[in-house]
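Please consult the sequence and the structure shown here while reading.

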Amino acid sequence: MSPQLQGKTALVTGAASGIGQAVAARFLSEGANVVALDRIESNPGCDFQARAYASVVGDVRSAGDNQRAVDLAVSRFGGLDVFVGNAGLYDNRRAFRSFSAPELEAAFDELFGINVKGYLLGALAAAGALAKARGCILFTSSISGSRAGFGGALYVAAKHAVDGLTRQLALELAPDIRVNAVAPGYVPTGLRGLGSLGQTESSPGPAPSQTPLQMLPSADDIAAAYVFLASDACARTATGTVLALDGGAALRGPRT
Ligand code: NAD
């Protein structure tokens with residue numbers, strides 16, 4: 001099959017690990033140029049042509065760092081076709097009533113700063129170049145974008161915000177820029193908890209036997225959907241879509 005993203009340039013946030021890293025690798029293998037933005041150095045971990053890849057170390061909460069990454073895409077590759085807002089943290093399903101008010105404020109600022117403001121700032125920095133290219137935005141949402149119980153109050157509220165943002169930007173940016181989201185269920189990655197709450201790691205996810213399909217997807221399984229949504233196959237149809245890739249987890253509901 002011919003490469004699906006030949007000649008396109010993508011900016012992927014959170015590309016140093018997990019889903020973002022798999023998206024960067026898939027995009028490269030489909031012929032795209034990729035700029036990675038992460039707070040640590042990114043390496044897509046696959047065979048790729050060095051001239052098709054560039055990385056920026058920065059924080060998605062910074063308008064300047066998002067702009068630097070967009071500017072690099074334009075100066076190095078001549079434009080930007082796809083912005084993937086993906087960098088994120090989890091709240092380990094922290095129970096709402098266990099928060100003190102100062103903890104809640106700090107955790108809100110950290111989680112919404114990365115999971116929501118980071119997406120907004122990235123989309124804003126990218127919008128001019130994307131409009132010129134008739135490009136698209138892809139956000140990593142979650143099963144928590146439409147369901148309760150798979151995260152705590154902060155994570156669920158933030159992912160609901162991402163689904164709303166997907167629909168609002170799809171409307172506002174049409175017809176120049178398509179905007180869609182991918183909503184995974186649990187994927188084994190290095191997804192981290194909130195530093196402001198002392199959560200270094202994420203809490204363990206479900207066992208394969210607890211899921212309807214009796215298996216857990218890899219980040220690469222999820223990345224395939226980003227290729228599809230960014231490709232010309234979707235150019236005439238998909239905008240405002242949140243594509244659920246949860247292996248049926250929403251049908252069964254969260255573990256207690
Ligand atoms: P991950 O930790 O493997 O990857 C997240 C990446 O984001 C890391 O490389 C990290 O360094 C980067 N990052 C974090 N904060 C940043 C910041 N302020 N600035 C720049 N980069 C930053 O986790 P993942 O599971 O691949 O998560 C990616 C996205 O997928 C997140 O939005 C997450 O909410 C979502 N998601 C994950 C799962 C899951 O089960 N893993 C399920 C649904 C949705």
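Strand 1 (residues 9-13) and strand 4 (residues 82-85) run parallel and are joined by three bridges. Within this pair, Leu11 has Phe83 of strand 4 as its bridge partner. The model is predicted, with local features requiring pLDDT of at least 70 and side-chain atom pairs pLDDT 80 or more, while totals for chains, interfaces and linings use all residues. Residues are numbered from 1 along each chain as its sequence is written, and side-chain values use heavy atoms, without hydrogens and water.

Two strands pair if DSSP finds at least two bridges between them. Seven strands form an open sheet with parallel pairing, in the order 3-2-1-4-5-6-7. Its edge strands, strand 3 and strand 7, each pair on one side only.

| Helix | Reference strand | Angle |
|---|---|---|
| Helix 2 | Strand 3 | about 160° |
| Helix 3 | Strand 4 | about 180° |

Ala69 lies in helix 2 (residues 63-77). At 0% relative accessibility, Ala69 counts as buried (under 20% relative accessible area, with a 1.4 Å probe and protein chains only). Beyond its neighbours within four places in sequence, Ala69 is in contact with Leu11, Val35, Leu37 and Val56, contact meaning heavy atoms within 4.5 Å.

Definitions and conventions:
Helices (H or I, at least four residues) and strands (E, at least two) are DSSP runs, numbered from the N terminus. Buried means under 20% relative accessible area, exposed over 50%, partly exposed in between (1.4 Å probe, protein chains only). Axes are lines fitted to C-alpha atoms, for helices over the stretch in contact, and angles run from 0 to 180 degrees between N-to-C directions.
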